[in-house]
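Me: I'm new to this one. Could you walk me through how to read it?

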Amino acid sequence: MTPSLPDILVGNFMCMADPGPPEQQGEFMAGKVGLVALLSLLAAQEAERGVAARVEENALIREALAEAAVDYKLDVGSLPFTDEVTVSALDRVNAALRTALIGLHEAVEGRQDTARHHAMLRLYARMADLRRLDLPPLPAR
Amino acid sequence: MSLAERLEAYLTRTWGQPVTVADLSRIPGGASRETYRFVANADGEARPLILRRDPPGSLIETDRSLEYLALESFCDRVPAPRPVAMDAEGAELERPFFIMERVEGGAVASPFTVMPYGAHARAIGESFFDILGGIASADPAGLPLAKAAELPAPEDCWRIAVDHWAAVIEADEQHPQPIVRAAIRALRRKPPPPPSAVRVVHGDYRGGNFLHAPDGAILAVLDWEMVHLGDPLEDLAWAIDPLWNPFDATTVSAMIPRDEALALWSKASGLSVDEDALTWWSLFAAVKGQAIWTSAAKEYRDGGFKEPILAVSGWYTARRHDEILAAALMRLEGLQ
């Protein structure tokens, strides 16, 4: 699991709260400040898009599992659901959905179900895009 | 006891003469080792050196003796620092470490910037792929590295590589990752042809892991901690992975066009590039990256969220490699 937005923001505090020994000042500290600045910028993107991305990904995976439920004998009804829109609640559901998705994809490949295999690859591309973080165009130093 | 005092105690003992340490300063980057520059003063001589010490939590678990032997193997063949001393037990420094000579006058450019090499991109690119080909041209049998590195059979290179990094994901994954798991299955379904020769694989040869001079000359290839013997295409695929070139689709490694890079590598290595094999190793490169970032995310949590380099690795680069993997899986099936 990539770090969540709360992990990142707590981390930005934790890594700056302790100044460290003298040999870790100067260039090393400057590098650390640069990383914290970059993380803060990426965190702004995640704050704007992260919850929506999780809601959509969960819906897309649930839809893919439901579509394959009859053919692959999946018990989609037993998968968890949440009305909460916190990152942690959505991630708990996401973990269960992704585990089911991995199992389905393995079964799809086992049956050489090409159409569904391709649909799952398209789903992966969409999932990756939803969680995309855009690197700022930093100039070289 | 400060780190400087510990270094002085170690060097005084091992060099058999009084040594003082000056200008000790940690260098940014280096998520798998703590890296420090310092000057060791002994017998009227000042030696500028680099200390690489294992951190409490690391991005990758690696064998520092292999890294040391790799430097010993290549410091006279390609631009690389000369190793000076190593202690796998840690001795006075408490954690395993090694010391190497410091290469002066160069800078490391971050691959995550726009035009990281500026006007020198072409010159650096030509040297970069020529040097990588030079590493791939060396017969491992005669190198110091051969004392410790396992020599795989050519037909086993791919499987050893996949097994290793798949196991890392299995061990460190804290959230299910369907994309990289699909990629691992795809790699196993259709293995690459064996390499024509098993060679030294640097393991992390890429933009950001070398020093270059203001005139564009490459002064030192760094970060040999993932060195091993295997299929040399592994290094080539890693070097040209899109992760290391976020802003310029016309080049690889933000240096030169792909076909030129491959031709330079092929000429310097004396090995041909099988495009099907390179496609396989390119997908593998993204799997390997995702495994490293998976470990970084775990270390970030386990270490109390204190190392921002692990956050960047476990977050931005992991998300980016999911994009790269998803696109590569689509291409394998001829999908847009």
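Reply: A residue is called buried if 20 or more other C-beta atoms lie within 10 Å of its own. This is a predicted model, by the way. In chain B, buried residues make up 51% of the 336 residues.

Me: How many helices and strands does chain B have?

Reply: Chain B has nine helices and nine strands.

Me: What share of the contacts in chain B comes from residues 24 or more positions apart?

Reply: Count the contacts with a separation of 6 or more: residues 24 or more positions apart account for 70% of them in chain B.

Me: Which residues have the most contacts inside the largest nonpolar core?

Reply: They are A:Y124, B:L132, B:A183 and B:V287, in a core of 126 residues. Helix α8 (residues 275-302) of chain B supplies the largest share of this core, 14 residues. Take A:Y124: apart from neighbours within four places in sequence, it is in contact with B:P178, B:I179, B:A182, B:A326 and B:L329.

Me: And how do I read one helix, say α3 of chain B?

Reply: Look at its length, then at what covers it. Helix α3 (residues 121-137) of chain B has 17 residues and reaches 24 Å from first C-alpha to last, close to the 24 Å expected at 1.5 Å a residue. Its buried residues include B:F128, B:F129 and B:L132. Among the elements covering the buried residues of α3(B) are α2 (64-74), α6 (233-239) and α7 (258-269) of chain B.

Me: How many residues does each chain bring to the contact?

Reply: Chain B brings 49 residues and chain A brings 42. On the side of chain B that touches chain A, α9(B) gives the most, with 15 residues. By class, that side of chain B has 31 nonpolar, eight polar and 10 charged residues.

Key
Residues numbered from 1 in each chain as written. Chains lettered and ligands numbered in written order. Predicted model: local features only at pLDDT ≥ 70, side-chain atom pairs only at ≥ 80, totals over all residues. Core = buried A, V, L, I, M, F, W, Y, C linked by C-beta atoms within 7 Å. Buried ≥ 20, exposed ≤ 12 C-beta atoms within 10 Å, placed from the backbone. Helix = DSSP H or I, 4+ residues; strand = E, 2+ residues; numbered from the N terminus. Contact = placed C-beta atoms within 7 Å. Expected span 1.5 Å × (residues − 1). Nonpolar A, V, L, I, M, F, W, Y, C, P; charged D, E, K, R; others polar.
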